Amino acid sequence: MSGVVKIAAAAVTAALCAVVVRRQSPEIALVLGAGACALIVLYCSGALTAVVELADKLAQTGGLSAQVVEPVMKTAGIAIVTRLTADFCKDAQEGGLASAVELAGTVLALSVTMPLMTAVLDVLTRLL
């Protein structure tokens, strides 16, 4: 819980600073927002490592292959990066670029899940 409070405090502080700076220099406000975003993501990287380790442990315990677990983790990563990037582009008043990033994220997430979909198709084929 304290981690969320730290992140919220950093985000609100950066947002307030960006609002004040935006009047004089919109470019610096954008860089300030990007820097705060990067720091927050770095702060969360330790928790993300723990999540990946737990997913690997669950896969081993359940007898799941990496072919099943890996696409799920990659898709989650793609979703996180896509969301952050698209929101950053929207803040920079680049709505078209944000839409392109969202489309690319969707296509990449689908392509990453192809091995999982193929495995499901193989199981269904064997059952029929």
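**A chat about the helices and the pocket**

A: Happy to! Contact here means heavy atoms within 4.5 Å, and the helices (H or I, at least four residues) are DSSP runs, numbered from the N terminus.

Q: Before we go on, what kind of model is this?

A: This is a predicted model, where local features need pLDDT of at least 70, side-chain atom pairs count only at pLDDT 80 or more, and totals for chains, interfaces and linings use all residues. Residues are numbered from 1 along each chain as its sequence is written, and side-chain values use heavy atoms, with hydrogens and water left out.

Q: Thanks! Which residues of helix 1 are buried?

A: They are G3, A14 and A18. These cover an arc of only 40° around the axis, which puts them on the same side of helix 1. The arc is that of the directions from the helix axis to the C-beta atoms. As for the word itself, buried means under 20% relative accessible area, exposed means over 50%, and partly exposed is in between (1.4 Å probe, protein chains only).

Q: And what does the face turned away from the buried side carry?

A: That face of helix 1 carries the exposed residues S2, V5, L16 and V20. L16, for example, has a relative accessible area of 53%, so L16 is exposed. L16 and A29 are 13 residues apart in sequence, and their C-alpha atoms are 9.9 Å apart in space.

Q: How far does helix 1 reach from end to end?

A: Helix 1 (residues 2-22) has 21 residues and reaches 30 Å from its first C-alpha to its last, close to the 30 Å expected at 1.5 Å a residue. The expected span is 1.5 Å times one less than the number of residues.

Q: New topic: how much space lies in the largest pocket?

A: About 810 Å³. A pocket is found on a 1 Å grid over the protein atoms alone: it is an open set of points where a 1.4 Å probe fits, with protein on both sides within 12 Å along at least five of seven lines, and lining residues have an atom within 4 Å of a point. The volume is the space filled by probe spheres set on the points, which are joined across faces, edges and corners.

Q: Which residues are closest to its centre?

A: Of the 30 residues that line the largest pocket, those are A36, C37, I40, V41 and L84.

Q: Where does the lining come from?

A: Helix 1, helix 2 and helix 3 (66-91) each supply at least two residues. The largest share, 14 residues, comes from helix 2. By type, the lining divides into 23 nonpolar, 3 polar and 4 charged residues. Here Ala, Val, Leu, Ile, Met, Phe, Trp, Tyr, Cys and Pro count as nonpolar, Asp, Glu, Lys and Arg as charged, and the others, Gly among them, as polar.

Q: Can we jump to helix 4? Which of its residues are buried?

A: In helix 4, these are A98, V101, G105, A109 and V112. They cover an arc of only 70° around the axis, which puts them on the same side of helix 4. They pack against helix 3 and helix 5. The face turned away carries the exposed residues G96 and L103.

Q: What does T82 touch?

A: T82 is found in helix 3 and is in contact with V101, E102 and G105, leaving aside neighbours within four places in sequence. T82 is buried, with a relative accessible area of 14%.

Q: Last one: what is the phi of Q93?

A: Phi of Q93 is near 65°, a positive value in a residue other than glycine. Most residues other than glycine have a negative phi. Q93 sits in the loop between helix 3 and helix 4 (95-112), and Q93 counts as exposed because its relative accessibility is 68%.
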